[in-house]
Amino acid sequence: LRVVHDDLVAVTGLDPRGLDGVLNEAVVEQLLRVDRDLHGYAFRHALLREAVYDDLLPGEQTALHERWAGVLQRRLDEDATDAGLAVQVAHHWYAALDLPRAFSASLAAADAAQAAHAPQEEMQMLERALQLWARVTNAESVAGCDRAALLERAADAAFDAGDDDRQDAFSKAALAAVDSDGHPQRHAHLLSRHLPHAPTLSAEEFLPGMDRARAALPADAPSADRAWTLWKLAQWHHMLVHVVAADLAAQARAEAQRVSDREVESFAVGILAFAQAVAGCGELDTGLGLLEEARLLAVEAGSERAHMFYRLSLSELLMIMGRFDEARQVCVEGRERVQRYGQIRTHAKIWAVNEAAALIALGHWDEALALTEHLLAQDLPHFSELALSHLRAEVLTYRGDPQAPDAVAALD
């Protein structure tokens with residue numbers, strides 16, 4: 001934790017000369033170090049900071065947080081785009097036990113984090129706001145939405161942050177917050193967008209929810225939610241290599257065109273491209289042409305998710321075509337892109353899976369093994385860990401490595 005000198009002046013209330021004397025003593029005694037880039041100070045060790053804080057009485061801690069919140073809030077009012085500062089303000093209002101201000105500050109911090117492509121921080125701030133929802137008055141008015149909508153947004157942030165467990169929890173809570181009988185279309189909207197990741201579910205887990213969504217979204221009333229429902233069905237069948245995926249993707253595209261939703265249309269065209277290339281008598285170039293349509297739609301929609309899906313599909317189609325060098329380059333560029341958007345844990349790992357597959361196809365086994373082992377040592381979503389474990393076992397088997405039998409056995 002680093003603090004600016006001018007902020008310390010405001011928080012302590014000491015005259016500048018008196019504060020300088022206290023700070024100089026703390027620096028000499030090796031408690032603080034000077035941070036010249038910040039024009040401020042930092043504790044030399046986190047344990048020192050914790051010890052000093054723990055020595056304060058509870059009332060003193062609360063008052064200190066209140067003073068810090070006020071000082072930082074004034075700075076934030078001058079630059080509301082500073083996501084890091086917004087998170088600090090929310091933290092201090094919460095620690096000061098000023099729950100109304102903590103609630104509004106958490107929402108503002110979530111907005112700033114979203115604008116800064118910091119999904120982990122956005123999710124944490126939304127979770128704090130949800131914790132405070134029942135403890136503040138007029139929460140819906142302050143948030144500008146109901147609790148179900150805030151849960152839905154938290155699920156989106158968790159997805160971008162790569163936190164599968166939190167995404168699932170937020171999605172289930174959002175669905176539970178909406179009465180399916182009293183508000184069937186709202187419930188269908190949540191099913192179409194937030195039923196847990198389709199390819200990971202069995203037919204018994206996935207299809208009933210999609211059937212309920214389709215029943216609540218009649219074909220004679222075109223909607224983006226119906227287009228998303230059809231696409232989600234197409235995606236599930238596509239992952240299982242079911243031929244019906246192409247028909248569902250075509251229906252999703254037609255529905256998206258009716259309501260001018262370019263984002264879901266881009267996703268649908270991505271599946272159509274694969275159906276054309278793989279199932280359509282090997283019309284690979286036609287598939288590439290459709291993927292270019294998907295890219296243009298993603299750009300028009302301004303959707304980073306759609307653009308990522310396009311590039312993933314492109315890398316996989318290039319692999320099918322035997323253009324392994326190009327596939328690898330698409331993966332490298334994809335990993336760099338998602339890092340800029342704060343989606344490293346989820347999406348960068350997906351790119352790495354495809355990159356490792358391309359390296360194996362190119363015969364670059366050492367590079368593939370180094371990449372897979374580096375990533376397997378990290379915290380990964382389950383599906384990425386499983387895919388990378390398979391690829392690692394594949395490389396070890398090709399090389400005749402003594403570890404190969406154990407690596408293969410571990411896959412069971």
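Predicted model: local features only at pLDDT ≥ 70, side-chain atom pairs only at ≥ 80, totals over all residues.

User: What value counts as buried?

Analyst: Buried means under 20% relative accessible area. Arg337, at 22%, counts as partly exposed.

User: How are the side chains of Arg337 and Glu304 joined?

Analyst: They meet in a salt bridge, with 2.7 Å from N to O. The pair links distant parts of the chain. Arg337 sits in helix H18 (residues 324-340), and Glu304 in helix H17 (residues 304-320). The two residues are 33 apart.

User: How many salt bridges does the structure hold?

Analyst: It holds 25. Another one pairs Asp35 with Arg2, again at 2.7 Å from N to O. Asp35 lies in strand E2 (residues 32-35) and Arg2 in strand E1 (residues 2-4), so this bridge ties together parts that are 33 residues apart in sequence.

User: Is Asp35 buried or exposed?

Analyst: Asp35 is buried, with a relative accessible area of 6%.

User: What does Glu326 form with Arg323?

Analyst: A salt bridge. Their closest N and O atoms are 2.8 Å apart. Both partners are partly exposed: Glu326 has a relative accessible area of 37%, and Arg323 has 30%.

User: Which residues are linked in a network of salt bridges?

Analyst: Arg253, Arg262, Glu265, Glu293 and Glu300 are linked in this way.

User: Now the helix. Why do residues three or four places apart point the same way in an α-helix?

Analyst: An α-helix has 3.6 residues a turn, so such residues point the same way. Now take the case here. In helix H1 (residues 5-12), the buried residues are His5, Asp7, Leu8 and Val11. Seen down the axis of H1, they fall within an arc of 155°, so they line one face of the helix.

User: What covers the buried residues of H1?

Analyst: The cover includes strand E1, helix H2 (16-28), strand E3 (40-43) and helix H4 (58-78).

User: Which residue follows H1?

Analyst: Gly13 does, and its phi is positive, near 75°.

Key: Residues numbered from 1 in each chain as written. Heavy atoms only, no water. Salt bridge = Lys/Arg side-chain N within 4 Å of Asp/Glu carboxyl O. Helix = DSSP H or I, 4+ residues; strand = E, 2+ residues; numbered from the N terminus. Buried < 20%, exposed > 50% of the residue type's maximum accessible area, 1.4 Å probe, protein only. Arc of directions from axis to C-beta. Contact = heavy atoms within 4.5 Å.
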